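Please examine the sequence and the model shown below.

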Amino acid sequence: MLKIKNYVKAESLEQAYELNQKRTACVLGGMVWLKMGNRVVTTAIDLSGLGLDTITETESEFVIGCMTPLRDLELHQGLHTYTKGAIRESLRHIVGVQFRNCATVGGSIWGRFGFSDVLTMLLALDTEVELFKGGRVCLSDFVKMPKDRDILVRIIIKKTPLKVAYLSQRNTKTDFPVLACCIRLSENGVRAVYGARPAKAFLLEDEEGLLAGMGTMSVEERKTAVQKFADYAARKVPTFGNMRGSAEYRTLLVKVLTRRALEAVGGMTDEN
Ligand SMILES: Cc1cc2nc3c(=O)[nH]c(=O)nc-3n(C[C@H](O)[C@H](O)[C@H](O)COP(=O)(O)OP(=O)(O)OC[C@H]3O[C@@H](n4cnc5c(N)ncnc54)[C@H](O)[C@@H]3O)c2cc1C
C-alpha cells in the first residue's frame with residue numbers, strides 16, 4: 001500500500017524541485033502507477049497547480065506539459081494529423097478511457113517502463129524532454145539516464161516531415177503489449193522502435209541500407225526490401241520471455257509487425 005505523510009500542492013517548480021531532493025519525497029503524476037506500489041512517502045509533491053497540463057502546437061513543434069493526461073494526447077487533432085493516427089493507435093489500447101484521463105505523459109515517460117506504448121511511440125518521433133535542472137535532453141538519451149531527483153517539466157515533439165505507423169500485439173484487450181513496434185520513415189531513412197520486448201524500448205537503424213532509396217523503388221522492389229528489413233529486425237532486436245510470451249514468439253512478432261508497419265507507411269504502394 002502507498003502511504004503518504006505530507007501532501008504539498010507545489011506553487012512553483014523551484015519549490016517542487018527543492019522538496020523532491022529528499023529521497024523519501026515523491027512527485028505525483030496521475031498516480032495510477034504509484035498507487036500500485038508499497039511505499040512510504042514523506043512528502044507527496046503535486047504539480048497540478050502549475051499549468052503543465054496543456055498541449056501547445058506551433059509551426060515547428062508540439063510542447064506537452066508533464067501533467068497532460070494520455071487521453072488529451074490521444075484526442076489532440078494536431079498530433080493525430082501529424083502522425084496520421086499513429087499516436088492515437090499507440091494510446092487507445094492502454095486500459096480504458098477513465099484510466100487514460102488520469103495517467104499523465106510525465107509519469108509515463110519518467111517511469112521509462114519496458115512495456116510502455118507511450119515511450120515506444122515518442123522514441124520514433126523527434127522528441128526531447130525538458131528537465132527542471134537538466135534542461136532539454138533528447139528522449140533517446142533520457143531513457144538511458146538513471147532516475148535521479150529532477151523533475152520532468154515538458155515533452156517537446158519537433159515537427160519533421162515523416163511517415164509513421166504504430167502497431168502492438170496484446171494477448172487480451174487492455175493488457176500490457178507482448179510487443180510494440182513503431183516505424184518512422186523520413187528523409188534520414190528509417191527508424192524502428194520496439195517496446196515490451198519485454199525490456200525497455202530498442203531503437204533499430206537501417207545499418208545495412210536495406211530500405212535506402214525506397215521512394216524510387218518499384219512496388220516489387222519495395223516488397224523485397226520490406227521483407228529483408230523485417231528479417232534483419234528479427235535478427236537484430238533482442239527479445240526475452242516472460243509470462244506474456246516467449247522470446248521466440250516475440251521475435252516472430254518483430255518480423256510480422258515490422259513488415260505490416262512498413263506496409264502502412266507506404267512500403268507497398270506507389271504513393272510515397
Ligand atoms: C494496470 C496498469 C496497466 C497499464 N498498462 C499500460 C499499457 O498497456 N501501456 C502503457 O504504455 N502503459 C501502461 N501503464 C502505465 C500508464 O500508462 C502510466 O504510464 C503510468 O501509470 C504512469 O503514469 P502516472 O501519470 O500515473 O504516473 P505516477 O504513477 O503518478 O508516477 C509514476 C512515476 O513517475 C514519477 N513522476 C511522475 N511525474 C513526474 C514528473 N513530472 N517528474 C518527475 N517524476 C515524475 C513518479 O514519482 C513515479 O515514480 C499501465 C499502468 C497500470 C497501473
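How many bridges join strand β2 to β3? Three bridges join β2 (residues 26-28) to β3, and the two strands run parallel.

## Basis of the model

The model is predicted: local features need pLDDT of at least 70, side-chain atom pairs count only at pLDDT 80 or more, and totals for chains, interfaces and linings use all residues. Residues are numbered from 1 along each chain as its sequence is written, and side-chain values use heavy atoms, with hydrogens and water left out.

Strands are DSSP runs of E with at least two residues, helices are runs of H or I with at least four, and both are numbered from the N terminus. Two strands pair if DSSP finds at least two bridges between them.

Strand β3 (residues 39-46) is largely enclosed by the rest of the structure, because six of its eight residues are buried (under 20% relative accessible area with a 1.4 Å probe, protein chains only; exposed is over 50%, partly exposed in between).

## Domains

An automatic or database assignment sets the domain bounds: domain 1 spans 2-45, domain 2 spans 55-158 and domain 3 spans 163-267. The centres of domain 1 and domain 3, taken over C-alpha atoms, are 37 Å apart.

## Pockets

A pocket is an open set of points on a 1 Å grid over the protein atoms alone, where a 1.4 Å probe fits and protein lies on both sides within 12 Å along at least five of seven lines; lining residues have an atom within 4 Å of a point. Volume is the space filled by probe spheres set on the points, which are joined across faces, edges and corners.

The largest pocket has a volume of about 1100 Å³. Its lining comprises 44 residues, of which W33, G107, S108, G111 and F113 are the closest to the centre. Helix α6 (105-111) gives the most to this lining, with five residues; β2 and α7 (117-124) each supply at least two.

The second largest pocket holds about 250 Å³ of space. Among its 14 lining residues, L123, L139, S140, V143 and L203 are the closest to its centre. Domain 2 and domain 3 each contribute at least three residues to the lining of the second largest pocket.
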